[in-house]
Every structure is written in structure tokens, then in C-alpha cells.
Amino acid sequence: MQRIGVFVCWCGTNIAGTVDVVAVAEALKKEPGVVFSDNYQYMCSQAGQDLIKAAVKEHNLTGIVVCSCSPRMHEATFRKTAAAAGLNPYMVEIANIREQCSWVHKDVPTGTEKAIILGKAAVAKVNLNVPLTPGESPVTKRALVIGGGIAGIQTALDIADAGFEVDIVEKKPTIGGKMAQLDKTFPTLDCAACILTPKMVDVAQNEKIRIFSYSEVTEVKGFVGNFDVTIKKKARYVKEELCTGCGACTEKCPMKKVPNDFNLNMDTKRAIYIPFAQAVPKVATIDADYCNMLKNGKCGVCSKVCAAGAIDYTQKDEFISEKYGAIVVATGFNPISMDKFDEFAYNQSKDVITSLEFERLTNAAGPTAGKLLRPSDGKHPEKIVFVQCVGSRCDACNEKGKEYCSKICCMYTAKHAMLTRDKYPDTDVTVFYIDVRTPGKNFDEFYRRAVEEYGVHYIKGMVGKVIPDGDKLIVQASDLIAGKQLKIDADLVVLAAAIEPDKSARPLATMLTASMDTNDFFTEAHPKLRPVESPTAGVFLSGACQGPKDIPETVAQAGAAASKVIGLLAKDKLTGNPCVAQSNEMMCNGCSTCERVCPYGAITYEDKEFRMPDRSTLIRRVASVNPAVCQGCGCCTVACPSGAMDLKGFASEQIIAEVDAICK
Amino acid sequence: MKFSYFPGCTLKNKAKDLDNYARKCAEVLGVTLEEIENWQCCGGVFTTAKDEVATKLSSVRILKDALKKEQALVTVCSACHNVVKQTNYAMQNDKEFAGKVNRYMAEDEYNGETQIYHYLELIRDVIGYDKVKECTVNPLAGKKIAAYYGCLLLRPNSVMRMDDPENPSIIEDLIRAIGAEAVVYPYRNECCGGYVRLEDAKLSDKKSNAVSESAKKAGADVIVTACPLCKYNLEKSGCEIPVVYITELLAEALGVKEDTNE
């Protein structure tokens with residue numbers, strides 16, 4: 001018989017506000033096996049843990065039930081407490097009387113009744129707990145960073161700096177991401193290229209870092225410390241190791257009408273191209289959709305002009321298999337499509353542009369060489385209207401936008417407005433906003449400078465409609481402070497489009513079994529306390545794939561993700577989870593049902609010799625679980641028709657005991 | 001497929017074409033519209049006054065009649081649709097209002113159970129544009145048609161839930177289904193001036209002109225609408241291009257239009 005101690009936590013008023021904790025402790029004292037029961041204000045605090053340790057010693061406890069918050073929050077804490085008191089950590093059970101009880105009930109009698117029931121179930125389970133010992137697995141000391149924007153770059157540099165190998169997989173031909181497309185960065189207005197490109201060079205020159213550009217992750221297997229990843233290197237029809245990046249091919253290619261996605265299709269490039277002068281790796285890529293040689297075998301100019309002999313029209317996609325100990329997701333963001341926002345006439349007028357397009361129009365390396373000219377007629381715009389929150393903070397019933405705030409638009413719009421007024425003081429600049437949100441170091445000062453020093457007109461109110469009228473745009477809007485409807489002329493309208501996670505994030509999350517929220521942003525393991533870890537062990541989050549972020553915040557998070565990776569890779573062995581499946585070979589009939597349902601491929605079959613009562617031997621096919629691969633999900637235990645599969649720590653017997661305790 | 005049908009007063013006199021062709025086209029498309037018996041006016045406008053119950057009772061009666069026949073209700077006039085749909089929404093969501101209304105009613109309680117389709121929704125969600133394409137015998141190829149939504153059809157969006165009120169496409173999609181070219185112009189969802197015409201005709205002219213000018217500038221040959229009041233205001237304010245009901249245009253494409261003036 002176990003000697004169980006019950007510890008009921010108040011969690012301040014979180015639990016004690018709706019649960020009579022004293023009554024719970026009293027009621028559970030009467031449960032079979034319980035020899036001690038107490039309550040305390042904060043059981044997770046040092047004093048609370050000491051209370052548990054003292055009780056273990058004093059009452060010779062063999063099992064512990066903590067009635068507190070979700071096990072996701074503090075199960076690990078209390079297991080450590082148990083271990084410190086000399087108990088097997090798996091003799092601890094958590095009854096979640098916070099998230100699943102006090103937070104969802106309003107009145108004390110109901111809350112208390114439910115807390116007692118949950119406590120009884122946990123006691124019933126601990127009565128059947130047995131000590132478990134986790135196994136160990138080795139760690140591959142190399143990290144994979146998916147995405148080569150500023151988030152991925154910073155994470156890779158920090159990991160490499162600690163002496164570990166890192167691979168960056170970037171789907172575009174160059175690393176750099178969105179930051180490479182920006183002109184200046186708020187709030188200090190340093191030029192994006194000046195602070196980003198040296199970092200890109202650092203990545204290229206770092207011996208610990210390999211870049212797989214124009215590549216994508218296609219398969220992820222394994223588990224923390226031991227991921228097996230397949231990377232598809234897309235055919236770029238140029239031998240990377242030979243190409244010197246001289247650019248001769250990009251000047252001679254006769255196919256000139258290829259939309260230049262780096263400049264958001266506002267100008268054209270050749271069918272063989274280097275995205276921008278500072279690209280890393282500085283290697284040409286052929287766009288197979290436009291190359292005449294690849295499409296119909298007629299041309300071959302680039303091959304003729306290439307002194308290095310790097311052109312290879314026969315190149316195929318290549319698949320590479322690598323092992324990693326940790327994976328960092330840094331897949332970033334994109335502005336949303338403006339197709340559903342045609343009230344702003346984005347598809348009707350060339351002079352309605354997005355903010356990212358505006359960045360390219362003001363960038364010295366952009367399509368206008370940094371001169372702010374209207375896309376329609378190349379004239380200097382005299383009146384510019386900026387519209388904030390296009391697709392951000394949308395009504396839930398309005399299915400076209402995002403409910404969240406995209407966070408960066410207020411600041412970059414202030415930046416655009418200020419820079420325009422600075423460079424072209426004759427230009428009239430108006431910004432329409434719902435709210436101006438500029439928290440952050442030196443951010444609000446920056447916005448106020450735009451208004452007070454640079455004379456940007458900020459109008460509180462949304463634009464309802466943009467009407468193309470000859471070479472003008474009529475902006476129909478409301479001024480909420482003056483309580484007036486406005487109609488103002490503009491030469492250029494700039495839409496601060498909401499940002500959303502990159503489209504590659506969703507399939508990647510499936511491959512990684514990492515969770516996402518309804519907006520396809522990756523979910524962190526804990527929103528406050530574990531912000532850079534995914535709930536999937538060994539998978540970390542960096543940058544805007546986790547939520548909208550500006551550059552300072554992205555870099556901070558990238559560093560934090562790197563430090564978590566370094567902490568993981570610094571270990572030689574990882575302690576596994578002992579709560580894995582185990583098959584009872586005497587009952588297993590070798591039907592393969594469990595093998596089919598196992599999402600991790602942890603189950604194999606082997607032929608085993610069995611001694612029969614009459615001393616003859618029988619060879620039978622039975623299931624065998626690889627404990628290093630098993631994640632303890634329990635699919636096999638419910639699928640097994642003969643009841644041969646059981647999960648350690650969650651045995652069927654224990655689950656039934658819990659249900660009985662709840663129902664009795 | 002059978003649906004309860006509520007035409008509304010205007011469709012029985014000024015806007016007979018809207019009603020007449022709605023039924024004919026529905027038959028061609030495999031849907032029978034059964035007119036509610038002894039119906040009354042929808043109530044005219046959906047007043048937002050808190051204590052206003054009497055003007056909404058007739059709408060509730062229409063909705064109850066459809067429920068009794070276990071049919072969804074189809075409307076076609078934008079204004080009627082707006083009133084009936086908003087009333088139904090209030091019956092679903094405003095307990096106090098529903099309580100008052102039900103105390104007026106002789107029979108069983110009604111709590112907004114009836115499903116309502118505007119004629120355009122019926123085509124999009126029940127019949128489907130593919131069926132329309134299939135039944136089109138006289139494709140209006142080359143015709144440039146401007147859809148005029150007005151305000152009542154789409155707003156308030158939280159109740160109407162028909163289409164994006166700022167950037168709608170439901171009429172344009174139908175125009176494309178019958179082979180014509182949809183002209184998208186900025187003022188297609190602006191107000192025509194509505195009942196303001198009675199008090200300030202100039203203001204109504206100004207609003208209506210902005211719409212018709214905008215459509216004309218975009219190259220439209222004809223404007224289509226589902227609202228008798230919109231049609232009236234546009235025509236009254238001197239619109240230079242014809243304004244026709246959406247059902248009339250559909251009838252032409254489906255080959256059931258009687259008038260052969262064209």
C-alpha cells in the first residue's frame with residue numbers, strides 16, 4: 001500500500017478564489033492510501049516545496065498528489081521536489097484544479113466539488129504508480145535553422161559563435177529575407193543594408209555555418225537530439241561551387257521581361273539573375289519558367305558568356321539527408337495580398353502601393369534608384385496618403401483581414417512619412433490611423449518627431465474608399481476627431497498591409513509536429529516563460545514566425561532561441577521520457593495494428609522464441625517498441641485489439657482507476 | 001426545390017419586373033418560389049428605436065409562415081431583405097425584443113428559426129453559378145454591366161453576412177455567369193440618397209449622380225440593381241445609362257424575357 005501525501009495549492013486567489021482549498025485537503029485525507037494532506041498559498045515556491053520535502057520525510061511518503069495548476073506548468077517542478085526528497089519523480093501526480101477547475105467555474109461549491117473529484121482521481125492513480133527510470137539518447141551536435149532572414153541569420157551566428165555547427169536552409173536564392181528589401185530602419189534610421197549585409201558576410205565566412213540556399217526542408221523524422229531531415233536543393237541550373245558571381249550572364253541574357261520579385265515586380269530582371277548585388281551566396285540562378293534554353297532548348301547565351309563554366313542546364317533537384325540535434329524555425333512573414341481590399345483600388349491603380357513596395361521605391365538599389373516617383377507616370381508625387389491597418393485589427397465577422405495588430409506598421413509608416421518630408425519638403429503627407437501604437441525604446445519620440453518636426457498630418461479615422469480619377473486618386477475617409485467626412489486628392493496612396501506568416505510555415509509545422517495558432521503563427525511552449533521554444537521538444541522559434549515583430553525584437557528573440565539551442569547541444573546525452581509504450585509479448589498476437597497507428601514509427605515487429613509449457617519452442621511475431629523514438633502518445637494502447645500495449649505511467653489500469661474515482 | 005417567397009409591396013406595383021422575372025428565372029433554374037399568403041408590408045425600414053415592435057410584427061409573421069411550411073424564405077427587394085433579415089436577427093439575439101413580439105403573436109413562439117436567402121444568395125449558395133451558366137441560352141457577351149449594390153443589401157455586415165460590404169462580388173459573379181462583362185467601379189456600394197429624396201432632392205441627386213457618373217466613367221452600358229428605391233433615385237436624378245433590375249437581366253440571358261424591344 002502506498003503512503004500518499006496530498007498538497008493543495010491556493011495559487012494566491014487563482015484557485016482559492018473559487019475552490020475551498022481547506023475543504024479539498026480535508027476531503028482527500030479520507031481517500032485510500034492518503035496519510036497526509038495539507039494546503040499552502042504557493043506550493044511551487046521554495047517554502048511550498050520545502051513543505052512537501054518535510055512531509056515526505058516525516059510521514060515516509062511513497063507517493064505525492066499536488067492539486068495545483070496544469071501539469072504543463074509545474075509537473076517538472078514537483079518531480080524535482082520529489083527527487084530532492086528521495087522519491088522517484090514519477091511517483092508525483094498533478095490534479096489540475098486551476099485551468100480545468102477554478103478558472104472555469106464561478107461559484108465556490110461547484111469549484112470545490114470538482115476539485116475534490118479531480119484530487120480523488122489523482123490519488124487513485126498514484127496508488128498504482130510504479131517508479132520509472134528514463135533512458136538516455138545521444139545528441140547530434142549540429143543545428144538546423146529554417147529561414148535565412150535576419151532571425152535565422154542571427155540565430156545561426158550565435159549558435160556558431162558557441163562552437164556548434166549550423167546549417168541554414170533558405171528557399172530563396174539568397175539569405176537576407178525581408179530586411180534586405182528595406183531602405184532604412186526605425187527608430188534610428190540606419191540603412192538596412194549597412195547593418196544587414198555585414199552579418200550576411202559573417203554567415204558566409206563562418207566555418208561552422210553552411211548555407212543551403214534555394215532549398216527547402218521536405219521531411220523531418222526523429223526527435224529532440226536526433227532529427228533526420230531531408231533537404232531539397234532546388235535546381236538553379238548553375239554550379240554553386242564554380243559560379244564567381246561576376247554577373248556577366250545576368251547582363252547578356254536576352255530574356256529581359258522577367259518580373260523582379262525582389263523589387264515586388266515593379267521592374268524586371270533577366271531569366272538568369274542574382275537577386276541583388278550583396279546577395280549571399282553570390283551565385284546566379286536561372287528562372288526555369290522564363291529561360292528559353294530550358295523551355296525550348298533555344299538560346300544558351302549564359303553558358304557561352306560564363307568564363308567559369310558554371311552553367312548546367314541539366315541540373316536536377318537534389319535531396320540531401322542530414323542529422324540535427326535541434327531545429328530553429330525562422331520562416332518569417334509576408335504582407336497579405338491586397339486582392340480582397342479592392343476598395344483601396346490596389347488592383348485598379350498603379351499608384352496605390354503597399355508599404356513594402358514603398359520601401360523599394362525609396363531604396364537606392366530599387367527600381368527608381370531611390371527617387372520617390374509614381375509607378376504610373378514616373379512623376380514626383382506631391383500629395384501622399386498613408387493608410388494604416390489595412391487588413392489588421394479587422395472585425396471577426398469580416399472574413400477578409402486579420403484580427404490581430406501587425407505591430408510594425410505604425411512605426412514604419414511614421415518612418416516613411418518622416419523620410420518623405422525630409423527628402424521632399426514640398427510633399428504633403430497625410431496618415432490615416434485607428435490608433436498610433438508606438439511602445440518601444442525611442443519609438444513614441446520617433447512618431448512625435450514625424451508630427452511635430454516634420455509636419456506630417458495624422459488623421460484619426462479609416463479610409464473607406466480610394467477612387468482613381470484621371471491621374472489623381474480621391475481618398476474618401478472619415479476624420480473621427482472633427483466628426484467629418486473627408487474627400488482628399490492624392491498622387492500616391494500607400495497601404496500598410498497586415499503581415500501574415502509565410503505560406504511555408506503550415507506544412508513545416510505538420511512535418512515538425514509543432515503547434516500553430518489559428519493565424520498560422522507558431523505557438524510557443526509558454527507565452528511568458530518559454531517564448532522561444534515550441535511545445536515540441538528540440539524545436540525552437542525565432543522571429544516573426546511566432547508573431548509580428550520588428551527588427552530589434554526579432555534579433556533579441558533570435559539570440560534567445562540560439563541560447564536555448566546551445567544549452568541543448570552542450571549536453572552529451574538527453575534524458576528521455578520514461579512514459580513510453582511497452583508491449584506484453586505474451587498477449588501480443590502480431591497483428592500490426594499498433595505499427596500502423598504509430599505516428600513516430602517507433603514500433604517494429606520481431607520473431608521471438610517462446611518456451612511452451614510442454615517444453616517445445618514456438619516462434620511468434622511480436623511488437624517491439626523503440627523507447628528512444630516513442631513519444632508516449634498512447635495511440636497504440638487504444639488500437640491494440642488484445643490489450644497487449646500499455647503506456648508506462650499511464651497504464652490502462654491507472655486510467656480506469658481514475659475514471660472509477662471520478663464516477664463513484 | 002421549393003422556397004417561401006416574399007415579394008413586398010413595391011414589387012406588386014412599381015417594380016413588377018423585379019418580381020415577375022425573379023419567379024420566371026427561378027423556374028428555369030429549377031426552383032419554385034411559393035408566395036406567402038396574405039402577407040403584409042415588411043415594415044418599410046428597420047427602425048433601431050428600442051421600443052419599436054409594431055412595425056416589425058409583419059416581418060415576423062412572414063418568417064413564421066415560412067417556418068410553418070418548413071421552408072427557407074426568399075426575398076428579392078434589397079430594402080425588404082434588409083428589414084426581414086434584421087428583424088430575424090433581433091428575434092434570435094435580443095431576448096427582450098423577442099419576448100415582446102411573441103406576446104403579440106397568437107400562435108407558437110418564434111425565435112428566428114427561419115433561414116433567409118436574398119435572391120442573389122439563392123443563386124450563389126443553392127443554385128450555383130454553374131447551373132446559371134448551363135441554363136444561359138442568350139449569353140450577354142460584350143455587354144458591360146455595372147452592379148449597383150446600394151447600402152441596404154450588404155449592411156450591417158454583422159447581420160447581413162452576404163458579402164464583403166466594402167469590396168463585394170456577388171452581383172459581378174452573376175454578371176460573369178451569364179456571359180457579360182462586369183464593370184467594377186468605386187461607387188458601387190455607396191448610398192443613392194434613399195428616402196432623403198422626399199425632403200432634400202438635391203442631396204439625393206448628388207449621391208445618385210456620383211454613382212451613375214462613376215459607372216459611366218468605368219465604361220458601363222447598363223446598371224443593374226436589386227433595389228427599387230435605388231433604381232428610382234438613379235433614374236430620377238437623370239442617369240444617362242439604363243438602370244434595370246438584376247432579375248430582368250437574368251431573364252434576358254435565360255431567354256424568358258417577354259419584352260422584345262431590344
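This is a short tour of a predicted two-chain model, stop by stop.

**Before you start**

Residues count from 1 along each chain as its sequence is written, while chains are lettered from A and ligands numbered from 1 in the order in which they are written. The model is predicted, so local features need pLDDT of at least 70 and side-chain atom pairs count only at pLDDT 80 or more, while totals for chains, interfaces and linings use all residues.

**Stop 1: all of chain A**

Select chain A. Its C-alpha atoms fill a box of roughly 90 × 70 × 40 Å along the principal axes. Colour by secondary structure. Chain A has 19 helices and 34 strands. Helices are DSSP runs of H or I with at least four residues, strands are runs of E with at least two, and both are numbered from the N terminus.

How much of chain A is buried? Of its 664 residues, 46% are. Buried means that 20 or more other C-beta atoms lie within 10 Å of the residue's own; exposed means 12 or fewer, and partly exposed is in between, with C-beta atoms placed from the backbone.

Now think about contacts. Two residues are in contact if their C-beta atoms, placed from the backbone, lie within 7 Å. Take the contacts in chain A between residues at least 6 apart in sequence: 70% join residues at least 24 apart.

**Stop 2: the domains of chain A**

Colour these ranges one by one: domain 1 (4-126), domain 2 (142-228 + 319-332 + 503-569), domain 3 (248-305), domain 4 (334-500) and domain 5 (581-648). The bounds come from an automatic or database domain assignment.

Show domain 3 and domain 4 of chain A. Their C-alpha centres lie 32 Å apart. The contact takes 6 residues from domain 3 and 7 residues from domain 4. On the domain 3 side there are 4 nonpolar, 1 polar and 1 charged. Here Ala, Val, Leu, Ile, Met, Phe, Trp, Tyr, Cys and Pro count as nonpolar, Asp, Glu, Lys and Arg as charged, and the others, Gly among them, as polar.

**Stop 3**

Select residues 63-68 of chain A, which are strand 3. Is this strand mostly covered or mostly open? Mostly covered: 6 of its 6 residues are buried. A:G63, A:V65 and A:C67 sit on one side, A:I64, A:V66 and A:S68 on the other.

Strands count as paired if DSSP finds at least two bridges between them. Look for A:G5, which stands opposite A:I64.

A:V66 has A:I94 as its bridge partner in strand 4. Follow the chain from strand 3 through helix 4 (residues 71-84) to strand 4: this β-α-β crossover is right-handed. That is, with the strands pointing away from the viewer, the path from the first strand over the helix to the second runs clockwise.

**Stop 4: helix 6**

Select residues 108-126 of chain A. This is helix 6, with 19 residues. The expected span is 1.5 Å times one less than the number of residues.

**Stop 5**

Most residues other than glycine have a negative phi, and most peptide bonds are trans.

- Zoom to A:F186 and A:P187: a cis peptide bond joins them, with omega about -5°. A:P187 lies in the loop between strand 8 (184-185) and strand 9 (190-191) of chain A.
- Go to A:V280 and A:P281: again a cis peptide bond, with omega about 0°.
- Pick A:L264, not a glycine, with a positive phi of about 55°. A:L264 counts as buried because it has 20 C-beta neighbours inside 10 Å.

**Stop 6: chain B**

Switch to chain B. Where it meets chain A, the contact takes 6 residues from chain B and 10 residues from chain A. The chain B side divides into 1 nonpolar, 3 polar and 2 charged.

Colour domain 1 (2-119) and domain 2 (137-254) of chain B. Their C-alpha centres are 23 Å apart. Here 21 residues of domain 1 are in contact with 16 residues of domain 2. Helix 1 (16-28) and helix 3 (78-93) of chain B each give two or more residues to the domain 1 side.

End at B:N38. Its phi is near 50°, a positive value in a residue other than glycine. B:N38 is exposed, with 7 other C-beta atoms within 10 Å.
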